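Here are a few friendly notes to read alongside the model. Please keep the 3D view open as you go through the points.

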Amino acid sequence: MTDNNRLSMKRIFGIAAVAFAVILTGSCEKYEDGRPEKSVRNEFSQMYPDAKDIEWDREHSWWKVSFETGTAPNRTEHEAWYDLNGQWIRTETDMRLSAVPERIMGFLSASEYGSASFEDNDAEFIQTPSGNYYRFDLVHSGVEIYIDVSEAGKVTLAKFDW
């Protein structure tokens with residue numbers, strides 16, 4: 001075999017190895033706790049066709065999928081929850097406090113928790129089949145609490161039922 005042939009073979013193998021590595025690590029979904037049923041994956045794909053960096057986790061009797069949308073620097077992180085049959089339960093979207101609508105911040109300010117301080121500089125926008133709301137991590141009278149503010153202005157102490 002000539003030196004040129006060896007060099008060509010090395011190039012071909014090198015290109016093939018790089019292509020194989022890209023295919024394996026490219027846009028694969030990650031499954032930490034097994035793979036959800038096809039009905040669950042299909043429901044997610046229909047709801048979030050532009051999702052990137054998808055990672056599935058099994059949490060009790062639900063599937064939680066963490067993913068991102070958008071492109072840098074405006075990338076947004078989300079978590080969506082589905083039951084084992086593929087029924088959507090909720091989606092949580094991280095957001096900066098500065099992105100929360102003024103009217104929502106007004107509802108919070110006018111409530112009994114209006115004097116509380118923010119634990120950090122972000123909030124969550126939570127979507128459910130029964131309605132949407134914003135969740136804030138506050139410190140009120142020295143105690144960390146979570147407050148939910150609905151789009152209609154109802155302010156409540158968060159209840160974690162799951």
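**Notes on aromatic pairs and backbone**

1. A search of the whole structure finds 10 aromatic pairs. Rings of Phe, Tyr and Trp (its six-membered ring) pair if their centres lie within 6.5 Å; planes under 30 degrees apart count as stacked, over 60 as edge-to-face and the rest as tilted. This is a predicted model, where local features need pLDDT of at least 70 and side-chain atom pairs count only at pLDDT 80 or more, while totals for chains, interfaces and linings use all residues. Residues are numbered from 1 along each chain as its sequence is written, and side-chain values use heavy atoms, with hydrogens and water left out.

2. Look at Phe 44 and Tyr 82, an edge-to-face pair with 6.4 Å centre to centre and 90° between the planes. The pair links distant parts of the chain, 38 residues apart: Phe 44 belongs to helix H2 (residues 38-47) and Tyr 82 to strand E4 (residues 76-83). Helices (H or I, at least four residues) and strands (E, at least two) are DSSP runs, numbered from the N terminus. Both Phe 44 and Tyr 82 are buried. Buried means under 20% relative accessible area, exposed over 50%, partly exposed in between (1.4 Å probe, protein chains only).

3. Phe 44 and Tyr 82 also belong to one aromatic cluster, together with Tyr 48, Trp 56, Trp 63 and Phe 67.

4. Now the backbone: the peptide bond from Ala 72 to Pro 73 is cis, with omega near 5°. Pro 73 sits in the loop between E3 and E4.

5. His 60 is not a glycine, yet its phi is positive, near 55°. His 60 is exposed, with a relative accessible area of 66%.
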